[in-house]
Amino acid sequence: MCWTAKSFVQGLSFSVKYYPKDNHLRALCLCSSVKPNKCHILDWSRRPRNSTVPPGRTLSWRLFSCKEGTKIHCKREKLTSITASELLYKDLLKSEQENWNKISRSYKALTKRIKEKIEELNNKYTFHLESPRIRFGGNVYFEENGYIFCSKADDDKGNVRILFSTEDMGFSGAFIKRIRISPDERYLATSLKSENSEEATCVITKIGDVPIVEEVIPNVFSFEWATNDVLYYTSQKNLKCQNVFMTTFTSEKYTKLVYTEQDARFFVDIYCTKDRRFLTINSNSKTTSEVWLIDCRHPFKLPVLVQARTKGVIYHVEHRNNDLYILTSYGEPAEYKLMKASVASTGMENWQLVYALEEKTKLIDLEMFRDHCIMFLQKAGCLYLTVIAFVSHSIQSIQLPTWACAFELESHPEHTSSTCYFQLTSPVHPPRRFAYSFKENNLIEQAAEEVPIIMNCHTTRLLAKSKDETLVPITVFHNMNSKELHRKPLLVHVYGAYGIDLNMSFREEKLMLIEEGWILAYCHVRGGGELGLRWHKDGCQHNKLKGLHDLKACIMLLHELGFSQPKYTALTAASAGGVLAGAICNSDPELIRAMVLQAPFVDVLNTMMKTHLPLSIEEQEEWGNPLADEKCMKYIKNYCPYHNIKPQCYPSVFITAYENDQRVPLTGILRYVQKLRKATLDHGSRTGKKGNWIPNIILDIQASGSHCDSSWEDSLTEVCSLHGTLEQHCGEVSLS
């Protein structure tokens, strides 16, 4: 996506965690995402890609750093204390790894069968997908297996030229995250990232018969070319981006600081408008934003402010014919609107309404073309395509196929293109390609014969009535041939934070479960973004318990309607989704048999109390500030998974965590697991009845991978372990 309002609208309001999971680099979604071995999904867009990725981050989920301690050498007592703490941490880590190695042996045969099935489905449905191909002038650029290739757009013979190789350039083990090509195509800027690190390195290569590395810039998040030889970029330090630099590749090379954000709640990234007229410096918190313009015709002039930040107003800008098109929450109702203003008068008082979303409508993405604007919307569980024609001043809305739950714009569509290409998908439907023609004013499916159509899966959309009478959407998938659904295993998905939607893109492992008789349910609870900005606001800070009530209502309705029963029900969540999952595990453990969590955020209160963590301050707009507000502290303590563990009959719990995770503290997960195990043992000793079911509390700490990325093999191994656990605790059907 070129602008990827998907990342913008899902994140500007809540200071963004990047695609993402959302993104993307494909957002790992619910960590169980399996990445094709063919290539990494590049961020060719002008914003971080990924369904669930807001601007300014790399993940659509929890972002707290695990670097909790800073050694102080001035006092021997303090140093000794930290050393003892580190030793305890290492002992716990070693103990958990040994425990997992012992347990995982019993999964070996089962996970082997699951792995074979997932690889078979991957080869059948997704292996044919090509890398994103970007047309730039008369050339086409694409990436595969760590190489960046270039070919002529009209070349039918397959002649390609290698522009960049991670291995040949001395970056073996890194993958390509994003590229930017200078307007005259003389320079290639590439960001490289390893699987175990959040930081990316930007490599600028001069394109020629023999490509030459001109410069290597460490710790770069976003970057754009202003002119043929002027590059702007943001630096990332300790998960924060607050500085914008300009560097030149003229005869007199130099680098200078252009912009600094002083407010720790804000995160800065840069973006180039589709017509390449402006670079925008975007400073966003979770609820407020501010944009500065750099005229690409005069890249050395100081940035110009569009509109000073106004609390609660978020906005992002595009450009067309000397007008700014502004996507914003300004005005009532506080949902997204498309507005415009002259470049000469950009203040809020000059913004004119172009299009306003209906109530309970989610703006998923927006793409600007020369004479058209396309919006992808979601309402009542269905996807819509809304086309705004600037010349004729007409608006057309088209409902997309009802089976579709997610979409992906094809990378970097040309500004002057007369056709918009995109893919539709669902958790159990592989991507199918569609095209909307502006000239013909119609939608065409470009079916690939080699992609089999999924015919045996039924999709149901339900509404559960929550505690306060609010209707909460649920999307359910099950095998059409399944009988006695009340006896089939059920996997419930939840997230409910940051205004981010549940990931509804295709996953091979989800289709595998459907084929094996499982029921999949996606609970779109408050705190997420499925019904717009208000839906998120109604589930954050002092409204967090509403998300918990929503989840309980969803699970109870599923059981009432005959979709499985508690003893066959599992709950899955990742990152911040672990808050609601862990909370319901404490409050209503009888509703589920097993819970699987991936890099879960389960210690909200302790983490929010530690303001030395790099993201605690900006997270206050999502969770509240317990240090300054005693009511907030009591409220968080009322639902925090760690603080509400008690001796009772818990479901079995399987947790995957990452040793190198900088966003969710591994120490918090270790504390949670230890306390949960103690509670289950205390309950068992108190009841003491023979034959009592004792839950398994399992922690798998991945030495490689991180909250953002894992290799294909690591992801596949993780998914197999996860689904092996599900089958062992809830599955009645065979995986043979």
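Hi everyone, let me start inside the protein: Phe376 has a relative accessibility of 1%, so it counts as buried, where buried means under 20% relative accessible area, exposed over 50%, and partly exposed in between, with a 1.4 Å probe and protein chains only. Before going on, a word on the source: this is a predicted model, with local features needing pLDDT of at least 70 and side-chain atom pairs counting only at pLDDT 80 or more, while totals for chains, interfaces and linings use all residues. Residues are numbered from 1 along each chain as its sequence is written, and side-chain values use heavy atoms, leaving out hydrogens and water.

Now, aromatic pairs. Rings of Phe, Tyr and Trp (its six-membered ring) pair if their centres lie within 6.5 Å; planes under 30 degrees apart count as stacked, over 60 as edge-to-face, and the rest as tilted. That rule gives a count of 20 aromatic pairs. One of them is Tyr187 with Phe249, a tilted pair at 5.4 Å centre to centre and 40 degrees between the planes. Tyr187 sits in strand β6 and Phe249 in the loop between β11 (240-248) and β12 (255-260), so this pair ties together parts that are 62 residues apart in sequence. Helices (H or I, at least four residues) and strands (E, at least two) are DSSP runs here, numbered from the N terminus. Tyr187 and Phe249 are both buried.

Back to Phe376. Its ring and that of Phe422 have centres 5.0 Å apart and planes at 75 degrees, so the pair is edge-to-face. Phe376 belongs to strand β22 (residues 372-379) and Phe422 to strand β26 (residues 419-426), so the pair ties together parts 46 residues apart in sequence. Phe422 is buried too, with a relative accessible area of 0%. Ring pairs link Phe376, Phe407, Phe422 and Phe434 into a cluster.

Which charged residues lie over ring faces? Arg309 lies over the face of Phe266, at 4.2 Å from the ring centre, and Lys544 lies over the face of Trp623, at 4.2 Å from the ring centre. The test is that NZ of Lys or CZ of Arg is within 6 Å of the ring centre and within 35 degrees of the ring normal.

Trp623 takes us to helix α9 (residues 616-623), which is mostly covered: seven of its eight residues are buried. Among them are Ser616, Gln620 and Trp623. The buried residues of α9 pack against β11, α5 (533-537), α6 (544-560), α7 (577-587), α8 (604-608) and α10 (630-639), with contact meaning heavy atoms within 4.5 Å. After α9 comes Gly624, whose phi is positive, near 100 degrees.

Next, a sheet. Four strands form an open sheet in the order β5-β6-β7-β8, with antiparallel pairing; two strands pair if DSSP finds at least two bridges between them. The edge strands, each pairing on one side only, are β5 (175-181) and β8 (212-217). β5 and β6 (residues 187-193) pair over six bridges, and Ile179 stands opposite Thr190 in β6.

How many disulfides are there? The count comes to zero, taking a disulfide as a pair of cysteine sulfur atoms within 2.5 Å. Cys420 is buried, with a relative accessible area of 0%, and Cys632 counts as buried at 12% relative accessibility.

Last stop: Ser482, in the loop between β30 (471-479) and β31 (490-493). Ser482 is buried, with a relative accessible area of 17%. Leaving aside residues up to four places away in sequence, Ser482 touches Lys488 and Gly517.
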